Amino acid sequence: MDQPPLDIIRVDPRATQHGSFTLHGAGVSNGIAIGYAHLVSTARLEVAHYEIEPDQIDAEIERFDTAVAQVRGELIGLHASVPASAPAEMGAFLDVHIMILNDSMLSEIPRELIRARRCNAEWALVQQMEMLIARFEEIEDLYLRERKADVRQVVERVLKAMLGTGQTPEHPTHEENVVVVAHDFSPADMILFKQHQFAGFVTDLGGVTSHTAIVARSLGLPAIVGLHHARQMIRENELLIVDGTEGVLIVNPDERVLAEYRLKQSALLIERQKLRRLRSTPAATLDGTPVELQANIELPDDVEEALEAGATGVGLFRTEFLFLNRDDLPSEDEQFEAYRLAAEAMPDRPVTIRTLDLGADKIINGADRGGPNPSLGLRAIRFCFAEPAMFLAQLRAILRASAYGKVRLLVPMLAHAHEIDQVFQYVQQARDTLEAMGIPYDHEIQIGGMVEIPAAALAAPLFIKRLDFLSIGTNDLIQYTLAIDRTDDTVAHLYDPLHPAVLQLVAGTIRAAVKAGKPVAVCGEMAGEVAHTRLLLGFGLRQFSMHPALLLPVKQQVLRATLSEAEALASRILRTDDPEKTRQLLGRLNA
Ligand code: PEP
Ligand code: MG
C-alpha cells in the first residue's frame with residue numbers, strides 16, 4: 001500500500017495498461033482531490049483493508065482459521081447452554097449459524113482469496129460475505145432471502161474474533177494520498193471517516209442529500225456519489241482525480257490533465273484563503289439587514305470548526321450520530337456531557353439540539369424498525385414516541401445541558417399538531433423529574449419544530465402558534481414533496497430545490513413565521529447552496545444553518561446582496577411555472 005508522497009505523483013505506468021477514463025456522478029462537496037484508489041467493501045470501515053506480503057499469507061490464513069474455530073466453539077457452547085425451557089427457535093437459530101459458519105463458502109473461500117489476492121483476512125471475509133449476500137438477494141423465497149442477516153451476523157462474529165490479532169497496520173499508510181472507493185457507505189461509516197485523513201472518496205450509490213453525502217460534506221473532503229460502477233471499474237492503487245464540484249472522476253489521468261487539476265486545486269485553495277478574511281465580518285446585506293449564519297453539526301467536536309468559520313450559533317445539532325456505531329444506547333449522562341460541551345463551546349449563542357432523527361438511512365445497531373418504507377415509517381419523532389424511555393433520557397440530557405448555554409430544542413419530522421402536544425407532555429415529564437431531583441435547567445428553553453413534511457409546511461401558520469421557532473429541513477421537504485427517496489441515486493436527477501411546489505412551501509413557511517413574529521431558519525442543504533442564498537433572502541429568510549465549510553461562501557453572497565432586488569426577483573420566481581424562466585431569473589438574481 002505504500003505510495004510516493006503526492007507532490008511527486010507521476011502518471012502510473014499501469015495507466016497505459018488500463019487506460020484513462022472518466023466517470024460522472026453527483027459532486028457532494030467542493031474541492032479537488034488527487035490520490036490513489038483504495039477499494040473498500042460496504043462493510044463497516046472498522047474492518048481493515050490492506051495488502052499482505054507473500055510471506056505473510058500462511059500466517060494470515062492461520063489467523064482466519066483460528067477465528068473461525070473460536071466462533072465455532074462459541075456457537076456450540078451457546079447451543080449447549082440454551083435452557084430446556086427456552087423457545088425452540090433459539091436452538092434452531094444457533095443451528096443455522098453453525099451451519100453457515102461450516103459452509104465452505106464462508107470457511108474455505110476466504111482462505112483462497114487471501115492466497116490469490118493477498119488481501120488481509122478481514123477483507124477477504126467481507127468480500128465473500130458481500131458476494132453471498134448479493135446471491136441471497138436474488139432468492140425469491142422471502143424466508144431464505146432474509147437469511148442474509150444471519151450470514152452477516154456470523155461474519156461479524158468472526159470479524160470480532162479476529163480483532164486485535166492483525167499483524168500489519170490497520171489503515172493504509174499515507175491516508176492523505178488515498179481516495180476511498182466504495183459501492184456504498186452508511187451515514188455511520190461516514191462518521192468513522194472523521195478519524196481518518198483520506199484525500200476524498202467516491203461511491204456507486206447515494207443521492208446528494210443522503211445523510212452519507214451530508215456527513216461527507218461535513219468532512220470537507222472532495223467526494224462524489226452515484227457513480228454507478230466505479231468500484232467495479234477502478235483497480236486498487238490507480239491514480240484518481242476527484243472533482244467534487246463538478247461530480248467528475250478521472251481515472252488514470254495523463255500528465256496534462258493532472259497538471260490542469262493541480263492548477264485548479266491551488267486556485268481553490270487561494271480562493272478559500274481569501275474567504276477566510278470574512279470570518280469575523282458580521283453578515284449583513286448591502287442595505288444593512290443583519291443575517292444569522294449558523295452551523296450544522298453532527299458531533300460536539302464539530303463546534304470548533306463552526307467557531308473557526310465564524311458561525312453565530314448552532315442551527316442544527318444532528319444528535320442521532322451519537323447513537324451510531326455502537327451496540328448500546330448512549331446513557332443520559334453521556335448525552336448530557338456531549339450537549340453540555342457544545343453549549344459551553346458556543347457561549348451566548350444559540351445551540352439548537354435536535355431530538356433523535358433515527359430511522360430511514362440512520363439506523364442504530366440492532367434496531368432496524370424502518371418497516372417496508374423506512375422514510376415513511378417509524379422515523380424521527382415517531383420512533384421517539386415508540387421508545388419513550390429513550391426519548392425521555394434524551395430530553396432530560398438536553399434540559400440539563402440548557403443550564404450551561406443558550407440551548408434550544410428542535411423536534412424533527414412533525415406532521416400533526418397532536419405530535420407537538422405530545423412532545424410538550426414528554427418535555428413536562430422530563431422537567432418534573434429534574435425538578436424532583438433538584439437539577440437545574442433553563443426554564444425558558446425554546447422549543448421549535450422542523451418543517452420537513454409538506455403537511456407541516458402547509459400547516460405552518462397553525463403550528464407556529466404552538467412553537468417558539470421553525471426550522472425548514474429542505475432535504476426532507478424536497479424528498480417528500482417530490483416523492484423521491486433522497487438516498488436513491490436512480491431518482492437523484494428529479495431532486496429539484498427550485499421546483500415551484502418546493503419554493504411555494506419554503507416561501508409560505510417563512511411568511512407564516514414572519515407574520516407570527518417568530519424566528520425561522522433553513523437548515524437543509526439548500527441553506528448552504530450559494531446559488532440559493534439571495535433567493536431565500538428574497539423570501540424573507542434571515543437565519544441560515546449549514547455545514548461550517550459552506551458558511552463563508554454564503555456570507556460572501558449575503559454581503560453582496562441588495563434586499564429590495566432579491567425580494568422583487570424572488571417574488572417573480574415564485575410566480576413562474578417555467579423551469580427555464582426560473583433559472584434565468586435566478587441567474588439575474590445572482591449576477
Ligand atoms: C433536512 O431534512 O433538511 C434536515 C436538515 O434534516 P436531515 O438532513 O438530518 O434529515
Ligand atoms: Mg430531515
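Q: Where is Asn-237 placed in the chain?
A: Asn-237 sits in a loop. The loop runs between helix H11 (230–233) and strand S7 (239–243). Helices (H or I, at least four residues) and strands (E, at least two) are DSSP runs, numbered from the N terminus. This is a predicted model, where local features need pLDDT of at least 70, side-chain atom pairs count only at pLDDT 80 or more, and totals for chains, interfaces and linings use all residues. Residues count from 1 along each chain as written, chains are lettered from A and ligands numbered from 1 in written order, and side-chain values use heavy atoms, without hydrogens or water.

Q: What is the phi of Asn-237?
A: Asn-237 has a positive phi of about 75°, although it is not a glycine.

Q: Is Asn-237 buried or exposed?
A: Buried means under 20% relative accessible area, exposed over 50%, partly exposed in between (1.4 Å probe, protein chains only). Asn-237 has a relative accessible area of 14%, so it is buried.

Q: What phi does Met-413 have, and where is its place?
A: The phi of Met-413 is also positive, at about 60°, and Met-413 is not a glycine. Look for Met-413 in the loop between strand S12 (406–411) and helix H17 (417–437). Its relative accessible area is 0%, so Met-413 is buried.

Q: How is the chain divided into domains?
A: Domain bounds come from an automatic or database domain assignment. Here there is domain 1 (6–45 + 170–273), domain 2 (54–163) and domain 3 (279–590). The centres of domain 2 and domain 3, taken over C-alpha atoms, lie 42 Å apart.

Q: Which residues coordinate the magnesium ion?
A: Donors are N, O and S atoms within 2.8 Å of the metal (3.2 Å for Na, K and Ca); water is absent, so sites may look incomplete. The magnesium ion, ligand 2, is coordinated by Glu-452 (OE) and Asp-476 (OD), at 2.0 Å. Glu-452 lies in the loop between strand S13 (446–451) and helix H18 (454–458), and Asp-476 in helix H20 (residues 474–482), so this pair ties together parts 24 residues apart in sequence. Both Glu-452 and Asp-476 are buried.

Q: Which residues come nearest to ligand 1?
A: A residue is near if one of its heavy atoms lies within 4 Å. Ligand 1 has 17 residues around it. Nearest come Arg-318, Arg-354, Gly-473, Asn-475 and Arg-486.

Q: How far is an oxygen atom of ligand 1 from a polar side-chain atom of Arg-486?
A: Polar contacts pair N or O atoms within 3.5 Å. For Arg-486, a polar side-chain atom lies 2.8 Å from a ligand 1 oxygen. For Glu-452, a side-chain N or O atom is 2.9 Å from an oxygen atom of ligand 1. Gly-473 uses a backbone N or O atom, 3.4 Å from an oxygen of ligand 1.

Q: How much of ligand 1 does the protein cover?
A: Areas come from the Shrake-Rupley method with a 1.4 Å probe. On its own, ligand 1 has 290 Å² of accessible area, and the protein covers 100% of that. Helix H10 (211–219), strand S10 (314–318) and H20 each give two or more residues to the shell. The largest share, 3 residues, comes from H20.

Q: How far apart are Ala-457 and Val-506 in sequence and in space?
A: They are 49 residues apart in sequence and 7.3 Å apart in space, C-alpha to C-alpha. Ala-457 belongs to helix H18. At 7% relative accessibility, Ala-457 counts as buried.

Note on methods. A polar contact is a pair of N or O atoms within 3.5 Å; within protein, one must be able to donate a hydrogen and the other to accept it, and residues adjacent in sequence count only if both atoms are side-chain atoms.
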